[in-house]
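Please read the report below with the sequence and the model side by side. It goes from overall figures to single residues.

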Amino acid sequence: MEQKQFDFGLIGLGVMGRNFILNVADNDFKAFGYDLDPEKVSALIEEGGNPERVNASSDLKTFIAALSSPRKIMLLVPAGKIVEQVIENLIPHLDKGDIIIDGGNSFFTDTDRRDTYLQEKGIHFFGSGVSGGAEGARKGPSIMPGGNKEAYEHVRPVFEAVAAKYKGEPCVAYLGPKSAGNYVKMVHNGIEYALMQLTSEIYDLLKKAGNLTNDELHEVYASWNKDRLQSFLVEITSEIFLQKDEFSDGRLVDQILDKAKQKGTGKWTSQNAMDLGIPIPTIDMAVSMREISALKDQRIQADKLYHRPALVAMDKDQLIHQAEQALYFSFIVSYAQGLHQLAEASREYGYELNLAQISKIWRAGCIIRAGLLADIAEAFEADPQLTNLLLSPSFVKQVQDCLPAVRKTVIYAAEFGIPVPGLFSSLSYFDAFTSGRLPLNLIQAQRDHFGSHTYERIDREGIFHTEWGE
């Protein structure tokens, strides 16, 4: 094999890695893969069809020798210790100026630490979120890179070629220094948790309150996907209702156990939002609901102990109309919360994030892609200093028009015991965020009463303390 002839290297030839490297090769870049599993290596070579265009090896030295300088090596391996091991194995074989790209869901502080460590060795490190699943990796994902800006120029042609396109624009952009890419991907996943939870709550409501069949549910979600709720998650939800079960005469969705797993990125989003002091209750509730879902045995036991009111079905057309408005409202709130967190993180961590740009690279390829993001991008372009989407004049009327239906939906769910905690959280967040005065004055009085924690006044400047009861 001629040495140093390949433009791009990729470590980890699982489904995501194999699809991504084939995408690179399809876009006229020569790509070389590496995996310890010889079967994965052989599978890639066979599927690639031309070893001069896409090749692979289980030998690290062969892999390194095949790459042109500066070497651009992407890791698509599970987050955590495996990333550390791969980096340590690579270091002895790399030259100064070479670039390592972590395409997994690594925690952002791990990326900062690795970046500092590799900088000392003259090696550039990128944390680069990749969204879109296996299909996105093959046909065009949304890519969220962060790291050294000059080094990114070596990677940019490849990323722009393989990324999803929205009206011809690649869904990738340099986001900022250090761990900016991994941080944005983390919050992306938090928003994803919220949208999935909300979509499932509306499904439950339609099924219980309107007795919609799977065929009717398919039609409802398919029709929504043609209008303002157009999004990847609504689209695949409509498809899910049609999938037949291979073991029975029914539909697969009805046979799936109601215990949702998680890999931690939603939890990280919630934890860090608390560290920053940014409220994201819809995302928080989505994480909590996955944890509640895991308590299946206890839920069954509790279900037998308590009784819900007899449910009075709602008119189907009215229910569907209200549900659409409730879902659209809560989608807006979910994006608003996540982007608010990004705005604060940008200031706190020095990322210099461009929220309009981030909204744009989410418009295609990724799991949270939605037609709504075009409007969101325009809102942040109109006001680059905008911190919360709910403050954008372009969204006020949209949100205001939905509110009557949202409130009716929440009241109905509460009256008949249908759990819609994501929707509840979205509405409660909205009501609190849009209240010029909250009852937290009482909390400050309580804190000062039992702990002398002081308080501020509305009628004069300064910090005050009262000896309560005297």
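**Basis.** This is a predicted model, in which local features need pLDDT of at least 70, side-chain atom pairs count only at pLDDT 80 or more, and totals for chains, interfaces and linings use all residues. Residues are numbered from 1 along each chain as its sequence is written, and side-chain values use heavy atoms, with hydrogens and water left out.

**Overall fold.** The protein has 19 helices and nine strands. Both are DSSP runs numbered from the N terminus: helices are H or I with at least four residues, strands are E with at least two. The radius of gyration is 25 Å, close to the 23 Å that the globule rule gives for 470 residues, so the protein is as compact as a globular protein of that length. That radius is taken over C-alpha atoms, and the rule is 2.2 Å times the number of residues to the power 0.38. Along the principal axes, the C-alpha atoms fill a box of roughly 80 × 70 × 45 Å.

Of the 470 residues, 50% count as buried. Buried means under 20% relative accessible area, exposed means over 50%, and partly exposed lies in between (1.4 Å probe, protein chains only). The accessible surface comes to about 22,500 Å², and 52% of it belongs to carbon and sulfur atoms. Areas come from the Shrake-Rupley method with a 1.4 Å probe. Contact means heavy atoms within 4.5 Å. Among contacts with a separation of 6 or more, 69% join residues 24 or more positions apart.

The protein has 48 positive and 63 negative charges, and their mean positions are 1 Å apart. Lys and Arg count as positive, Asp and Glu as negative; His and the chain ends are not counted. Each charge is placed at NZ of Lys, CZ of Arg, CG of Asp or CD of Glu.

A search of the whole structure finds 27 salt bridges. The criterion is a side-chain nitrogen of Lys or Arg within 4 Å of a carboxyl oxygen of Asp or Glu. The table gives examples.

| Pair | N to O distance |
|---|---|
| Asp26 and Arg53 | 3.3 Å |
| Arg71 and Asp98 | 2.7 Å |
| Glu169 and Arg363 | 3.2 Å |

Asp26 and Arg53 meet in a salt bridge. The pair links distant parts of the chain, 27 residues apart: Asp26 is in helix α1, Arg53 in the loop between α2 and β3. Asp26 counts as partly exposed at 41% relative accessibility. Arg53, at 25%, also counts as partly exposed.

Arg71 and Asp98 form another salt bridge. Arg71 sits in the loop between α3 and β4, Asp98 in the loop between α4 and β5. Both are buried.

Glu169 bonds to Arg363 through a salt bridge. Here the partners are 194 residues apart, with Glu169 in strand β9 and Arg363 in the loop between α15 and α16. Glu169 is partly exposed at 39%, while Arg363 counts as buried at 13%.

Salt bridges also link Glu84, Asp102, Asp110, Arg113 and Arg114 in a network. Arg114 lies in helix α5 (residues 108–119). Its relative accessibility is 2%, so Arg114 counts as buried. Beyond residues up to four places away in sequence, Arg114 touches Gly80, Val83, Glu84, Ile87, Asp102, Ser106 and Phe125.

Contacts of Lys185 include Asn105, Gly129 and Met144.

Phe395 lies in helix α17 (residues 393–415). Phe395 is buried, with a relative accessible area of 1%. Among the residues in contact with Phe395 are Ile332, Leu372 and Asp375. The C-alpha atoms of Phe395 and Asp375 are separated by 8.6 Å, the two being 20 residues apart along the chain.

**Backbone angles.** Most residues other than glycine have a negative phi, and most peptide bonds are trans. The peptide bond from Ser69 to Pro70 is cis, with omega near -10 degrees. Pro70 is in the loop between α3 and β4.

Asn211 has a positive phi of about 55 degrees. Asn211 falls in the loop between α8 and α9, and counts as exposed at 53%. Glu352 has a positive phi too, near 55 degrees. Glu352 belongs to the loop between α14 and α15, and is exposed at 70%.
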